[in-house]
Amino acid sequence: NLRRFFERHGKTLPISKKPQDYQPGDLVTWVVNKKLPHIGIVVKARSRDKQRPLIVHNIGAGPVAEDMLFEFPITGHYRFFPK
């Protein structure tokens, strides 16, 4: 449902393997374990090696900020501009 909302009311961006293409506030969707849809928000904080932005997401243990942008296959990349 969230993917459809952002496709209709935000901007759909290309999926990329380049960390610099993902900006704070962007929404990213993945498929976890080949079947579970998942969504997260790109934040300003960076990975320990400063190469990737962290992602805030909740996969069942409460919200966390993690270096997991490229951990699962990305299925969507969105930017939302409220009117």
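At 58% relative accessibility, lysine 50 counts as exposed (over 50% relative accessible area is exposed, under 20% is buried and in between is partly exposed, with a 1.4 Å probe and protein chains only). Its place is the loop linking strand 3 and strand 4 (53-57). Keep in mind that this is a predicted model, where local features need pLDDT of at least 70, side-chain atom pairs count only at pLDDT 80 or more, and totals for chains, interfaces and linings use all residues. Numbering runs from 1 along each chain as its sequence is written, and side-chain values use heavy atoms, leaving out hydrogens and water.

Lysine 50 also has a positive phi without being a glycine, and asparagine 33 does too. As background, most residues other than glycine have a negative phi. Asparagine 33 sits in the loop between strand 2 (27-32) and strand 3 (36-46), and it is exposed. Here are the two residues:

| Residue | Phi | Relative accessible area |
|---|---|---|
| Asparagine 33 | about 55° | 58% |
| Lysine 50 | about 65° | 58% |

Now for the overall fold. In sequence order, the pattern reads α-β-β-β-β-β-β. The chain is as compact as a globular protein of its length, because its radius of gyration is 12 Å, close to the 12 Å from the globule rule for 83 residues (C-alpha atoms only; the rule is 2.2 Å times the number of residues to the power 0.38). Along the principal axes, the C-alpha atoms fill a box of roughly 35 × 25 × 25 Å.

What about the inside? Buried residues account for 31% of the 83 in the chain. The largest nonpolar core has eight residues: Tyr22, Val28, Trp30, Val42, Ile55, Met68, Leu69 and Ile74. Such a core is a set of buried Ala, Val, Leu, Ile, Met, Phe, Trp, Tyr and Cys residues joined through side-chain atoms within 4.5 Å. Leaving aside residues up to four places away in sequence, Val28 touches Tyr22, His38, Ile39, Gly40, Val42, Leu69, Ile74, Gly76 and His77, a contact being heavy atoms within 4.5 Å. Of the chain's contacts between residues at least 6 apart in sequence, 50% join residues at least 24 apart.

Conventions. Helix = DSSP H or I, 4+ residues; strand = E, 2+ residues; numbered from the N terminus.
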